[in-house]
Amino acid sequence: MTNTPMWTPTHFPAAMRSLSPSTRAKAIEIANRLLEQGALDKQRVIAFSVSEARQWARLAQASPVNPSWQPHV
């Protein structure tokens, strides 16, 4: 298997079209990671990644802290 991502910010499934750019980027990240791990059913990967990305976006909106923020130790 190649390390080239299947989906990118300019090439993604139609199911991700309605997502905001940041939520779509998260869905693409999740989907590509699942495919790298051997998930073969692309339709389920797409549905799962969209659902998880939407949940991530809701949590990000509810939290006053940037969701990608990491404490510096």
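Student: Why is arginine 44 called exposed?

Tutor: The relative accessible area decides: buried means under 20%, exposed over 50%, and partly exposed in between, with a 1.4 Å probe and protein chains only. Arginine 44 has 65% relative accessibility, so arginine 44 counts as exposed. Please note that this is a predicted model, in which local features need pLDDT of at least 70 and side-chain atom pairs count only at pLDDT 80 or more, while totals for chains, interfaces and linings use all residues. Residues are numbered from 1 along each chain as its sequence is written, and side-chain values use heavy atoms, with hydrogens and water left out.

Student: What makes arginine 44 and aspartate 41 a salt bridge?

Tutor: A salt bridge requires a side-chain nitrogen of Lys or Arg within 4 Å of a carboxyl oxygen of Asp or Glu. For arginine 44 and aspartate 41, the closest N and O atoms are 3.3 Å apart. Aspartate 41 has a relative accessible area of 36% and is therefore partly exposed.

Student: How many salt bridges are there by this rule?

Tutor: The count is three. Glutamate 29 takes part in a salt bridge with lysine 26, at 3.5 Å from N to O, and in one with arginine 33, at 3.2 Å between the closest N and O atoms.

Student: How do we know where arginine 33 and glutamate 29 lie relative to each other along helix α1?

Tutor: Helices are DSSP runs (H or I, at least four residues), numbered from the N terminus. Arginine 33 and glutamate 29 are four residues apart in α1, so about one helical turn separates them.

Student: Why are α1 and α2 called oblique?

Tutor: Their axes come within 8 Å and cross at roughly 140 degrees. Axes are lines fitted to C-alpha atoms, for helices over the stretch in contact, and angles run from 0 to 180 degrees between N-to-C directions. Angles under 35 degrees count as roughly parallel, over 145 as roughly antiparallel, 65 to 115 as roughly perpendicular, and the rest as oblique. α1 and α2 are therefore oblique to each other.

Student: Which residues make the contact between α1 and α2?

Tutor: Contact means heavy atoms within 4.5 Å. Among the residues involved are Ile30 and Leu34 of α1 and Phe48 and Trp56 of α2.

Note on methods:
Helix = DSSP H or I, 4+ residues; strand = E, 2+ residues; numbered from the N terminus.
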